[in-house]
Every structure is written in structure tokens, then in C-alpha cells.
Amino acid sequence: MPSTDEILSRKHVLVEDDRTGTSHETLRRALLDNLFYVQGKFPDIATSNDYYMALAYTVRDRLLHRWVKTVETWLHNNVKVVCYLSAEFLMGPHLGNNLLNLDLEEPVRQAVEAAGRDLEKLLRQEEEPGLGNGGLGRLAACYLDSLATLEVPAIGYGLRYEHGIFHQEIRDGWQVELTDNWLHLGNPWEIIRPEIAFEVKLGGHTVWDHDADGRQQVRWVPDRVVKGTPYDTLISGYRVNTCNTLRLWKAEAAESFDFQAFNTGDYYGAVDEKVASENLTKVLYPNDEPVAGKRLRLEQQYFMVSCSLQNIVDMHLLTFDKLDNLHELWAVQLNDTHPAIAVAELMRLLVDEHRMEWDRAWHITVETCGYTNHTLLPEALEKWPLPLFSRVLPRHLEIIYEINRRFLDSVQQRFPGDNERLARMSLIDEGGAKSVRMANLACVGSHAINGVAALHTELVKKDVLADFYEMMPEKFSNKTNGVTPRRFVALSNPGLRHLVTRHIGDDWVKNLDKLRGLEAFAEKPDFQKEWQQVKRDNKMRLTEYIRDRTGVETDPDSLFDILVKRIHEYKRQHLSVLHIISLYNRIKEKPEANVTPRTFIFGGKAAPGYFMAKLIIKLINSVADVVNTDADVGGRLKVVFLPDFDLKSGQLIYPAADLSEQISMAGKEASGTGNMKFAMNGALTIGTLDGANIEIREEIGAENFFLFGLTVDEVKERKARGYHPKEHYDSDGELKRVIDQIRSGVFSNGDASLFAPLVDSLLWHDDYLVMADYRSYVDCQDSAAQLYQNQEKWTRSAILNVARMGKFSSDRSIREYCDDIWKAPAVTIELEPRGTGSIH
């Protein structure tokens, strides 16, 4: 019989690397190691934040293994890389998303429990990076998720704002803005790369002379230089080895401390340069009403673009000794007009810094850049006053003048004698105070221009950029927005994920078209009951959250009617308020009436300087104060304004909605993505024919969509013949009563002046046709309430909504960008096992 030593000598025990292993025991060991060696704590004194940080580092280690292999593969294979330039990246919490993508949810849950902690509490501990204002930043984040999942090499470029979008509190019904200190406890997901820093010039003047070969050259002599330091966040794909990069730039002083000033007693002056430089990335979207704010915002945008393009050029030169093929290996996408200065900056880098001939540099610039337009609002097409632009970017203005001269020559050749067209298409607005038109620059300097929904793209071609479309139609295409089903269904709605997967498998998470398989279950009673239970569980979660945040008790069996998005008059939150008051009046007239119980949930932030939007928030809360406390209502109506709407709260809200409000005036919303998030989670939509609503309705079937309101053409016709909103007030008794109540102070403790600006705007201006659409909207809401009373039919429509949402995955959007604009193929990353060994 062999001895114990002989038995042990024959036994092979597999040992996982603590940095890459995925068993719950290895993860537990790694968690405690990071708690001790990174956080410097032992369990007895460690806080929830210490455990969260340790867990985040544990997960990040698994990402780093993939990230290193991803970058190695790019370098060795000369792949084409997509560079997505965006002023916003609203990424949301990273931990839960990475656990889902790496398939680590269960082993990590076990590891955390073995360490005596609750994973759900650690997930709630994570601060949300407030690096975006809404749809633009969230779209950018969805696209990074899809790029990684589809294994497309990509880098997201943006700014590391020290203070992101403000935190919102509601005090006495009014919005109050508080500083967002999202970095105060540290950010375990970012990796600082100080060795890659770039210098960015600002202000000054240019010097024209000749080089040693007699060629003309331009030197930019700046007033000041700012250093851009990159912070990298690793972006995982779903169940693939690809791990892409989000690179955010922090502004720092080239020289942060003036020793001479300090020695002479000027202690504050010694750090002036540090303070001035760091202001560039201090705040997301500084107030640009004052001149100083405009200057800071322009400097912000240029700083982001210059750091990013310098980085791209440097990485290209790691592999190639020239830049002639830059456009073949890099695709730079401009997410709206904020990064449009990239056209002039790339020309500066190629012509001034790398001495390339103008025509060759222009060809490379145009072929490298693509431009996504996100707006139909003229005021959102950025223009910079010429004197300001000249002071901040003197060399770029010279480059823009030259681009403009050559471009207008081509316009003149194509449309001889059409001086009005020349004026409209010029990169310089000569009317009144001269300005630089950034959208025009983006159009001229990009090889592709796209809108973000079918209607939006048609309106861009017909109205916003009509001259450019007429001259260069081949540049234009539509790329309807999409959202990632990983975060917005699989992560946010685990009950629905498990239900769907149990019946049709889990391929839908990467191929949302597979949800079509749910159609076969839409009318099956047992499946409907399970579906209804998932929805009720989600509503219970939201009910508890509402109680904790606001103190309002809500009924999970009522119809959850939800409108969460940025507060703006064109999004028409006040139209929903008019409807609520109408329902309230009906109950007051007939308290015994059989009314479908409803909970109206609002959320969203108003721009700090946007008075009318803030007044709408106050109106919502004032109506809530009356409705929620009226004994006659008896809880059948509840109105809630959830403060500080963000991605974390969104992950509770989207799965709980019964009815999704997408009620902007037709022709104003470029696309919308909230409409997609709600529909993917089984909410029915009430909406106008605006943005992506049109395509959603086409996909899910008109019978599963509550349509109301004027069309784009009807809006134009109504305004063209002279729109008089007071006619609707005079002819509709129910509307008249609602307006009179608001005006007389019923919802403001008798203060008739409080809401007078809003009432006057509706009666005498009504730019967004709230009054014209009121009756259609209220009648449509009545139809929704009636259908909700038939839960079998409602549930069938909800299931079909989800089943037919495949088109609205961001994966589909990214495939279209890759095929049509970027020409960027997928690159599979093969991950070699690391550090796995055995004990003998």
C-alpha cells in the first residue's frame, strides 16, 4: 500500500492565477488580497466602499488580461480602429455590467458571500460617473458596448470631467443643483497613463515663414500650453475576449508650480497656471452665456480633439513611418458638432506638424472623418463668434478660411451666380456678428454624414443641411440609433432575462432578432402569467425605491405611466401634466367613477439656466401635492417626481413601466433612445410620429402603439397658416378648465403669478403645439386606460413589443456604421490561459 507522501506526490491540483481565475474560491482569495494590498484594510475595519473597491480591482484584473491581448493583436495585425469622439460618455456603473459580460455574476456572488458581504449592497455602493447629460452620452456608451461585443477594434475619446452633470434635489417643488463629486471616493476602473500626455496650445498668434527647403511653413506661437493626461477605462464585450478602451483626457498645467512666484511671496500666483489649466476639465458643459463660459467651452472641445488626434497620429507612427495611409487604419467619428474642430486640427497636424501637402492632407482628413448629426434644433448647431475663435485658435481660423475658400469655389462652379447659396453654405456666417459654423465644417470635412432615425435623416436632408445634401448626396445616410440589450434588459431586468432565456435560449442577448421567438408565446396563458409576475416584481422594486426617495406610497397594481428624460419644452412634459389635471377633474366631478388607477412618474433634469423647464418641474410637484393628498382621489391617481434621474435609477424605472411617454412635437426629437429602452422591457408606447417612434411603430405593429398628435407636415402647415393656440383653449371646455385652474392658483396655494409665464406661453405662443395636440393626446390616453383593464390583451401587446424590438439593438446600428461608413471588420481575440499551473 502506497504511503501518504507517495499519494500526494502523484496528485495534481490545478491552481488558478489569482489575477485571472474565475472560480468562486479564486475570486474570494483575490478579493481579500485586494482588500489588504490595495485598500490597505483588513476585514474587521473595512467599509462597504473598501469591499466594493477591492471587488472592482478583482474584476478589473480579469479585464486587463483581455485588454493586453486585444492591443497586442491590433498592433501585430494592422487592424482598422474606430475612434469615437464624444463630449459625453454616460457609461453608468461598471461593476454589474462587467460581471454580466464576463459571465462572473454567480461565482462573484458566492465569493462575496463567502467573505461575509452582500453583492447587491456592493453594487449600490458604486458612484455613477456623471460624464454626460442624457441621450448623446448614453448612446456613445451603448456604442462602445456593441463595438466590444462585436469584436470591432475601437477607442472612445472624451473628457474626464472632475464634476459631471449636477446632482438634482427637489426643494419646495423646485430643482436645486448640487455638485457632482463622483470621484471623491476614487475610481477603481480607470488607469492613468501619464507617460502618454500631450501638449495642447491655446491663444497666441501665428508666424509665416519658410523652411530650409524654401517651402512655406506656419508656426503657431501660443499664449499658453495645457497638458492632456489620459485615463483609460476598459470596455468589455459580452462573452468575448475583446476589451476596448475609453480614453478620457484630464487637463493639467504644463508647469503646475511657479517656484519663483512662491519664493517672492506670491503663494496664490504660484499655482495660477495649475488652476487655469485644470478648469478645462473641471465641469461638464460650463454655462456658456457669459463670454468666459463660451471661451471655456470652446477650449474644452479643442482640448479633447487635439489630445485625441495627437494620440491617433502617434499610435499610427508606432507601426508606420508615414501618415499617407492614416485613413486606411483609423476611422474618426464625430458624435455631433462638439468635436467638429477635429477637421481643422487634423489638417493642422498633417500640414504644419508633419509637412504634408494640402491636397493630400485634405484627402486623408475627409476619408478619416465621419459626422453624426443629432439635432433638428438650429440653436444646437454650434456656432462660435469669430473674435472669440480667433483669440483661442488663431491657426485653426486660418485653416478654416482656406478650407472655406476652396469649398466655396467648388460651390460656385456647381451653382454659378447663386450667392444666397454661397452665403448659406459658407463655413463663416457673415450675417450680423460673424461666426464659425461648426456643422458646416463637419459636413465639408467628412466623407460621411448620417442622421439617427429615418425621419430625422429625411429632415436633415430636406431642411437642416439641405444645401449640402443637394451638392453631395452620396455622403448622406441614415443610421437609426440603438441601445444595448445587455445593460437595459439582461442586467436591468433579470426576471425578464431568465423568463425569456428559459423559453427561447440566451442567444438573444447578442442577437436581439432572436426575440422574435417570443411571438409564439404571446397568447399562452401560462406564459402571460409569468410575464405579469415579472412586471409586478419590477414594479414592487420601483415602489420601494420611490418610497425611499420621496416618501410617496404607490400602488404596484396601478398603471405605471412614466415620462423620464431631460426636461425641455419640446419634450412636452407639461402636456402630460395637463392630462393629469384632466383626470383629476373627472374624479372630482364623479368620485364614484370607475377610473383605471394610475401612477404618473416623472424624472429628468432641467438645464440650470432654463427657467421654463424648471417651472415645469415645479408644476409637476405642485400638481402632485394636490392630487396625492385629495381624499376624493382615494389613491387612484398618484404623481411622483423622482429626483436626480440617472442610469442607476433608470435601471429600476425602465423594467417597471407599463406605459412609456414619448410625446415630443413631431419633427423635434432626432431619434430618442428612452423609447427603445422602455419597449424592450415590455412597456407600451404612447407617442407622436417623431424620431424613432415611427420605426418602433412599424416594427411592433400599429395596433400595439398608442398614436396621437399632428404629423411633421401637419405641424408645418399649421404654423405656416398662422397658429393661434388660444383657439384650442376657447373651443375645448376640458382644456379651458385645466388652464384656468393653473392660472388661478389652484395648484400654487392661490398664487396666480407663479405659473403665469407658462400659461401665457401656452396661450399666446405655444411653440411646440401642446394646445393643438391636447385633445388627441387625452383621447389616446383614454384608450390606453381602457386596454389596461383587459390584462390579457395588454400583456399580449407587451410581449409583442419585446419580441419585435430586434432592430433597435445598438449591435445593429454598429454593424451598419462598420459596413457603410467605417469599413472596419471584426477582429477575434484569442486568449491564452495565463498563470495556470498545478501542484504535484
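A: Here is the contact, then its neighbours, then the chain. This is a predicted model, where local features need pLDDT of at least 70, side-chain atom pairs count only at pLDDT 80 or more, and totals for chains, interfaces and linings use all residues. Residues are numbered from 1 along each chain as its sequence is written, and side-chain values use heavy atoms, leaving out hydrogens and water.

Start with helix α12, residues 342-353. Its partner is helix α15, residues 394-414. (Helices are DSSP runs of H or I with at least four residues, strands are runs of E with at least two, and both are numbered from the N terminus.) The two helices pack at an angle of about 100 degrees, and their axes lie 9 Å apart. (Axes are lines fitted to C-alpha atoms over the stretch in contact, and angles run from 0 to 180 degrees between N-to-C directions.) That angle makes α12 roughly perpendicular to α15, a label for 65 to 115 degrees.

Which residues of α12 meet α15? They are Val343, Ala344, Glu345, Met347, Arg348 and Asp352. On the α15 side stand Arg395, His396, Ile399, Ile400 and Ile403. Contact here means heavy atoms within 4.5 Å. By class, this contact has 6 nonpolar, 1 polar and 4 charged residues. (Ala, Val, Leu, Ile, Met, Phe, Trp, Tyr, Cys and Pro count as nonpolar; Asp, Glu, Lys and Arg as charged; the others, Gly among them, as polar.)

Step back to the chain. Its secondary structure comes to 34 helices and 25 strands. The radius of gyration is 28 Å, close to the 28 Å that the globule rule gives for 840 residues, so the chain is as compact as a globular protein of that length. (The radius is taken over C-alpha atoms; the rule is 2.2 Å times the number of residues to the power 0.38.) Along the principal axes, the C-alpha atoms fill a box of roughly 105 × 90 × 60 Å. Of the 840 residues, 59% count as buried. Among contacts between residues at least 6 apart in sequence, 76% join residues at least 24 apart.

Key
Parallel < 35°, antiparallel > 145°, perpendicular 65-115°, else oblique. Buried < 20%, exposed > 50% of the residue type's maximum accessible area, 1.4 Å probe, protein only.
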